[in-house]
Each structure stands twice: as structure tokens, then as C-alpha cells.
Amino acid sequence: MLKAGIPLGSIFGISIRLHYSWFFIFVLITWALAEGYFPASYPDWGTATYWGIGLATSLLFFLSVLTHELSHSLVAQAAGIPIRAITLFIFGGVSQIGREPEKPDVELRMAIAGPLSSLVLGGIFWGIHIATLDASEPLTALAFWLAWINAVLAGFNLIPGFPMDGGRVLRAIIWRRTNNLRRATRIASTIGRAIGYLFIFGGIFWIFWGSWLNGLWLVLIGWFLENAAAGSYQQVAFQDLLRGHRVSEVMTRDCPVVPPGLTVERLVHEYFLNSGRRCFPVVDDGRLLGLVTLNDVKAVPHDLRTLKTVKETMTPFERLKWVQPQDDLSDVLQLITTEDVNQLPVVENNSIVGMVARDNLLSFIRTRTELGV
Ligand SMILES: [Zn+2]
């Protein structure tokens, strides 16, 4: 969901992105401050001041969220965990972590860094609020609200439901005690789902017996949390089942390949429509040149399909991610997830020996779960 977004540049090698849903929450908060909170608390300002301070406060709030996420990311980077991007979206910010930490202590430090930075920011804004009490009412009001919201941010994130920061702290503690990541994740994410449901029910009550807008908001946050908790547990459980198994155990070996000079028209009729496969390796003289998928073909306009060749349509080898037969399946799942692809070619000594698809992994997991092994 968070792949789309507007790139803003990068800090410490981490690219920062704005998801489209962010604009909605940015406008909503600016509007709520300029038309609601500030006029109610400070009735003597002019309209321009309400909106100017509202806008500045809102921007600084999102900078605070970004600082919170950056703190997580910098601690992760220091521990050798790559961070792909930080995306600001409707519910705040999210860091795309390259892989899960391998030690509970690293996870604990990573998790606590965010709320800690929010607390420090809250303290700084509180200091500004006190220092400007007699100097400027708009400035002191801005600092007061930011001190308060950063404290709320720290407190909210410390709720012990995975995948929130507090839930990650809890998971790290259980993980360290039991030495069992899957069990720790199950406990922490079950609490996360319970908190999600609590928010949803609380929100429904709020909709009918209070403010429908706040209630709806709480329902949405609860729904998001429940989903994230369930998804994170599944990911860890899958990884656990796959660990120790190799690509060669699940890969498809009898892979029909296509030549590079074939037209897209013939590729569609002779290969895609005949086989039901969604992806073909492009091979010339036993050498893997690239991969052509259903999505690549869909991007070619109908009237150009008799002119374009497979070679012009495929993803070339240099840009492909690939795996080797002896690679661990848990790494393959991670790669498929972070690269958001459906399949990867299996390459050995520069030639293709098979394909491994998301479906291969899922049926491997399903069979093992059903058999209880
Ligand atoms: Zn956080």
C-alpha cells in the first residue's frame, strides 16, 4: 500500500516519501488547529494568524513524526540493518526495514529510540513554550501544542501491542527470556490485535454517543493496527517455517523458456495463453537474458504487439533479482516481499535452473502446516 508516494529526498541515505493519504491528514490537522483549537483557546488572534500558526504547527508536527521514524532508522542502521525508506502517511510514519533484527537487544534499542526521541522533542517544545510565555502568544501556543502532541505520540506508541513500538519492546523482552522469536511475536501481536479490536469497539461507541469524527478515526486506527498485527505475525511465522529449507526443495524445474527475438504477439498466443504461466525466462544459447512477465506484456499497446520483441519488453538480467538453489527459503520470502515480485529465477553458473514463486513458498507452508510438521 505504501509503495506509492512522492519522494522528498533523502537523509542519512534513507529516502523520505510522502504517501498521498498524508495530504488528507495534513489538511485535516491544519484546519482543526486554525479553525478549532487555536480560536477556542486564544480568541484574540486574527484569521491570518490562526492559519499561519496552524500551518506552522502542523508542519512541525510532521517533522516531529519524521524525527521519531528517523530515530528508529538510525539505530537500525548502526546495527547493520538496512533501511529502504521512511514514508509519512495518514496514520503517521513508517520505516521500511530491510530485514528483522536478529537479536532481541537490537530490537529493543530500535523500538525504544522512537518514543524516546518524541519525549526529548516534547521537552524541547515545552522549554520553548516556557521561554516564550511573555514574548509571543502565538509562538508559546504553537510550542505548547507541539510539546503536548509529542508526549501523546510517545505514550501512544508505547502501548504494548505489536507492531507498535511498545509491542516491539514487549516482544524483545519475551524473546530474550524464551529465546523463541515466533512465540514472542505471537504473544505481542495477539495483544496488538486485541488493542486494535478495543479501538474499533471504543470508536463505534464514540460514533453513536459522542463525536462521530473522533469515533470514526479511532475505528480506522484500530482496524489498521489489527491488520498490521495479524500480518506481522504471519510474516514471522512463515519465515520460521521456511528457515533451514533451500530453494532447490520447492523450485519449479521444468521451466519453458522463450527466445529473445520472438514478437510479443506470438509470446501471448503461443506461450501465455497456452500455459497459464505468468512469467517466462528469456534465454539465448543457454544464457539467461531476462524475464518477461504478464505485467511487462500488459504495458505494450495492442497495435505494437506484432512489432515489439520479447527482448524489448523483458526486464533485463542486470535489473533482475535472482537466487541460487542453495539459498535459504526465509531469505527468499524476505526478498519477494521487499522487492514486491511474484517469482524469482533460480540461477546457477550463469544459467537458469528453475523458478521459485510466491505460490511455491505458500504451498510449501500450507502442506507443512496441514501435516503439522
Ligand atoms: Zn515508533
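**Close-up views of a predicted model**

**View 1. Isoleucine 16 stands opposite isoleucine 86 of strand β3.** The model shown here and in the other views is predicted. Strand β2, made of residues 14-18, and strand β3, made of residues 83-89, run parallel. Four bridges join β2 to β3.

**View 2. An open sheet is formed by four strands.** The strand order is β1-β2-β3-β4, and the pairing is mixed. At the edges are β1 (6-11) and β4 (92-97), each of which pairs on one side only. Neighbouring strands of the sheet are turned against each other by 20° on average, with direction ignored.

**View 3. Helix α2 lies across the strands β1, β2, β3 and β4.** The helix covers residues 47-78. Relative to β3, helix α2 runs at about 160°. Histidine 68, the subject of the next two views, is found in helix α2.

**View 4. Histidine 68 of helix α2 is a buried residue.** The relative accessible area of histidine 68 is 3%. Because buried stands for a relative accessible area under 20%, histidine 68 with its 3% counts as buried.

View 5. For glycine 114, the backbone oxygen lies 3.1 Å from a polar atom of the histidine 68 side chain.

Note on methods: Residues numbered from 1 in each chain as written. Predicted model: local features only at pLDDT ≥ 70, side-chain atom pairs only at ≥ 80, totals over all residues. Heavy atoms only, no water. Pairing = 2+ DSSP bridges. Axes fitted to C-alpha atoms, helices over the stretch in contact; angles between N-to-C directions. Contact = heavy atoms within 4.5 Å. Buried < 20%, exposed > 50% of the residue type's maximum accessible area, 1.4 Å probe, protein only. Polar contact = N/O pair within 3.5 Å; in protein donor to acceptor, adjacent residues only side chain to side chain.
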